[in-house]
Amino acid sequence: QVQLVESGGDLVQAGGSLRLSCSVPESWWSTLIITWYRQVPGNQRDRELVARVSTFGNINYGDPAKGRFTISRDSAKSTVYLQMDDLRPEDTAVYYCAGNRNGLPKVYWGQGTQVVVSS
């Protein structure tokens, strides 16, 4: 079982910034594509894609993240970061990081970290 650990969630005012971290086991670092998702309060079904980074550093952003969020990888710390700037109340959600190996269906999820943006 792969254990991904998120941290960095907090309460922040609109316009503020947060940096979320997703710690990846070193033995899995070179094999996992890491994706940040979020789940908004009251929606227990859908998780929205925020940003994704491949093992080669290829990056994709979901619509909520474009222009405001930045995903990055730190190989020395086997950690993926999500820098979130210009936060808005609608960014309030539980943010999850997920890992999967290219071409395989199994997805490993972290426990989530709560982000609350006040207006």
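Residues are numbered from 1 along each chain as its sequence is written, and side-chain values rest on heavy atoms, with hydrogens and water left out. Since the model is predicted, local features need pLDDT of at least 70 and side-chain atom pairs count only at pLDDT 80 or more, while totals for chains, interfaces and linings use all residues.

The protein holds 0 helices and 11 strands; helices (H or I, at least four residues) and strands (E, at least two) are DSSP runs, numbered from the N terminus. Along the sequence the pattern reads β-β-β-β-β-β-β-β-β-β-β. Along the principal axes, the C-alpha atoms fill a box of roughly 40 × 30 × 20 Å. Of the 119 residues, 43% count as buried; buried means under 20% relative accessible area, exposed over 50% and partly exposed in between, with a 1.4 Å probe and protein chains only. Among contacts (heavy atoms within 4.5 Å) between residues at least 6 apart in sequence, 53% join residues at least 24 apart.

Turning to the sheets, an open sheet of 4 strands has the order 1-3-8-7 with antiparallel pairing, where two strands pair if DSSP finds at least two bridges between them. Strand 1 (5-7) and strand 7 (69-74) stand at the edges with a single partner strand each, so one side of each is left without a neighbour in the sheet. On average, neighbouring strands of this sheet are turned by 15° against each other, direction ignored; the axes are lines fitted to C-alpha atoms, for helices over the stretch in contact, and angles run from 0 to 180 degrees between N-to-C directions. Within the sheet, strand 3 and strand 8 (residues 79-84) pair in the antiparallel sense over 6 bridges, and Ser 23 stands opposite Thr 79 in strand 8.

Strand 9 deserves a paragraph of its own. Of its 9 residues, 7 are buried, so strand 9 is largely enclosed by the rest of the structure. Strand 4 runs antiparallel to strand 9 and is joined to it by 8 bridges, with Trp 36 opposite Cys 97 in strand 9. Strand 9 is also joined to strand 11 (residues 113-118) by 3 bridges, again antiparallel, and here Tyr 95 has Thr 113 as its bridge partner. Another 3 bridges join strand 9 to strand 10, which run antiparallel; Asn 100 has Val 107 in strand 10 as its bridge partner. Strands 9 and 10 form a hairpin with 5 residues between them, and Gly 103 in the turn has a positive phi of about 85°.

The loop between strand 10 and strand 11 contains Gly 112. Gly 112 is buried, with a relative accessible area of 14%. Leaving aside residues up to four places away in sequence, Gly 112 touches Glu 6, Val 94, Tyr 95 and Tyr 96. Its C-alpha atom is separated by 15 Å from that of Ala 51, 61 residues away along the chain.

Next come the aromatic rings. A pair of aromatic rings is described by the distance of the centres and the angle of the planes. Rings of Phe, Tyr and Trp (its six-membered ring) pair if their centres lie within 6.5 Å; planes under 30 degrees apart count as stacked, over 60 as edge-to-face and the rest as tilted. By this rule the count comes to 3 aromatic pairs. Trp 28 and Tyr 108 form a tilted pair, 5.5 Å centre to centre with 55° between the planes. Trp 28 lies in the loop between strand 3 (18-23) and strand 4 (32-39) and Tyr 108 in strand 10 (residues 107-109), so the pair ties together parts that are 80 residues apart in sequence. Trp 28 is partly exposed at 23% relative accessible area, whereas Tyr 108 is buried at 9%.

Tyr 96 and Trp 109 form an edge-to-face pair, 6.3 Å centre to centre with 90° between the planes. Tyr 96 belongs to strand 9 (residues 93-101) and Trp 109 to strand 10, so this pair ties together parts that are 13 residues apart in sequence. Tyr 96 is buried at 12% relative accessibility, while Trp 109 is partly exposed at 36%. Together with Tyr 37, these two residues form one aromatic cluster.

Charged side chains meet the rings as well: Arg 47 lies over the face of Tyr 96, at 3.8 Å from the ring centre, and the charged end of Arg 19 sits over the ring of Tyr 81, 4.0 Å from its centre. A charge sits over a ring if NZ of Lys or CZ of Arg is within 6 Å of the ring centre and within 35 degrees of the ring normal.
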